[in-house]
Amino acid sequence: MSSIIFSILAIYIFIVIGFIAKMSFKEAIDDKTITLINVYFLQVFLTFWGLLIRPVDATLFFAPSIYLFISVLVLIISAIVAKKLFYDQKEYSIATVAAIIGNTGNLGIPLNIAIFGEESIPYTTIINLMNVFIVYTVGVYYYSRGSFDAKASLKNIVKLPILWAAGVAIFLSINGYKPSEEIMKMLMMGAYASIVMQLFLFGIYLYGTKINEISRSLTTWVMSLKFIFLPSIAFLVLYNIELDAMIKGIIFIELLVPLAIANVNFASLYDCKPKVVTALVFISSVIFLGAIFLGVKVLSYL
């Protein structure tokens, strides 16, 4: 259990650094510039590295298919109910999609290694890819809808290079391309730079964020969706299917992880209340420190 705690705390170090940097230099640090560099450039390296680090195996796609089914099911229910609760377009967008976009990569992968060992890596990698697909389609659409109409929001999805990069990387992997050690080192450098910059950006947005000024109804809705409704649906689905217990556990943990920092990236990019989203990510990260221990106990019942 201590390995789980250390996995989480080690990741949060970079968030603290970002917070201290913004507190020290204030307006000299341009958060929008960091967002643009990360989303349009560095995350391309992360995509190629994650998809080329091992061959894409068709047998691994069953786990992310279940992950996608549960995520889409909860998303549909969330979109319908949130429409009746939130009349501000930006709050509606946040309420609909924020809880669905979990931190399956930066936190989910090392956390599952701590719980299940290195055998979990192929499954967490491919589930994270599915989450990336959700982030850069549904996530971009809804956060963009906070400031743009539907047509413009769809165009914003197509503009993002990470989807094109993912398509190229999958094509190369399926066709047996194996990058050289030198190329993989270069991709790894860009990938880790992207991960660190996301955490750093989260810390920057935390500075000046006033949690007590956020809508209580929005906070209650997103946290309830993330830590009560989503895990409950996941448990019901996983309990009633025939699947290896470890794979069930991996899917459940990946759905339980707190809100992803990618929420902050796109809220910032499309001006959809990034301070509010930052606070929600922070609150979910704090709640997760307790929820994970309950989640681990639930695994024995799957």
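These legends accompany several close-up views of one predicted model. Residues are numbered from 1 along each chain as its sequence is written, and side-chain values use heavy atoms, with hydrogens and water left out. Because the model is predicted, local features need pLDDT of at least 70 and side-chain atom pairs count only at pLDDT 80 or more, while totals for chains, interfaces and linings use all residues.

**View 1**
The largest pocket holds about 880 Å³ of space. A pocket is an open set of points on a 1 Å grid over the protein atoms alone, with protein on both sides within 12 Å along at least five of seven lines. Lining residues have an atom within 4 Å of a point. Grid points are joined across faces, edges and corners, and a volume is the space filled by probe spheres set on the points. The lining counts 36 residues. Leu46, Gly105, Asn106, Asn128 and Ile195 lie nearest the pocket centre. At least two lining residues each come from H1, H2, helix H5 (108-116), H6, H9 and H12. Helices (H or I, at least four residues) and strands (E, at least two) are DSSP runs, numbered from the N terminus. H6 gives the most, with eight residues. By class, the lining has 22 nonpolar, 13 polar and one charged residues. Ala, Val, Leu, Ile, Met, Phe, Trp, Tyr, Cys and Pro count as nonpolar; Asp, Glu, Lys and Arg count as charged; the others, Gly among them, count as polar.

**View 1. The second largest pocket.**
This pocket has a volume of about 170 Å³. Its lining includes Phe61, Pro64, Ile126, Leu129 and Met130. Val132, Phe133, Leu163, Ala166, Gly167 and Ile170 also line the second largest pocket. H6 and helix H8 (161-174) each supply at least two of the lining residues. The largest share, five residues, comes from H6. The lining has 10 nonpolar, one polar and no charged residues.

A cavity is a set of grid points where a 1.4 Å probe fits but cannot get out. The model has two cavities of 30 Å³ or more. The largest cavity has a volume of about 90 Å³. Of its 11 lining residues, Arg54, Pro55, Val56, Thr125 and Ile126 lie nearest the centre. H2 and helix H6 (121-145) each supply at least two lining residues. H6 provides the largest share, four residues. The lining has seven nonpolar, two polar and two charged residues. Proline 55 sits in the loop between H2 and H3. Proline 55 counts as exposed because its relative accessibility is 56%. Buried means under 20% relative accessible area, exposed over 50%, and partly exposed in between (1.4 Å probe, protein chains only). Proline 55 and leucine 172 are 117 residues apart in sequence, yet 9.4 Å apart in space, C-alpha to C-alpha.

**View 2. The second largest cavity.**
About 50 Å³ of space lies in this cavity. H1, helix H9 (181-206) and H13 each give two or more residues to the lining of the second largest cavity. Among the lining residues are Tyr12, Ile15, Asn103, Leu199, Phe202, Val281 and Ser285. The lining has nine nonpolar, two polar and no charged residues.

**View 3. Helix H4, mostly covered.**
H4 spans residues 89-97, and seven of its nine residues are buried. The buried residues are Glu91, Tyr92, Ser93, Ile94, Ala95, Thr96 and Val97. They pack against helix H3 (62-85), H6, helix H10 (216-239) and H13. Contact here means heavy atoms within 4.5 Å. Aspartate 88 caps the N-terminal end of H4. One of its side-chain oxygens lies 3.0 Å from the backbone nitrogen of lysine 90.

**View 4. Two loop residues with positive phi.**
Lysine 26 lies in the loop between helix H1 (2-25) and helix H2 (31-52). Its phi is near 45 degrees, a positive value in a residue other than glycine. Lysine 26 counts as partly exposed because its relative accessibility is 40%. Aspartate 271 lies in the loop between helix H12 (262-269) and helix H13 (274-298). Phi of aspartate 271 is near 55 degrees, a positive value in a residue other than glycine. Aspartate 271 counts as partly exposed because its relative accessibility is 47%.

Note on methods. A polar contact is a pair of N or O atoms within 3.5 Å; within protein, one must be able to donate a hydrogen and the other to accept it, and residues adjacent in sequence count only if both atoms are side-chain atoms.
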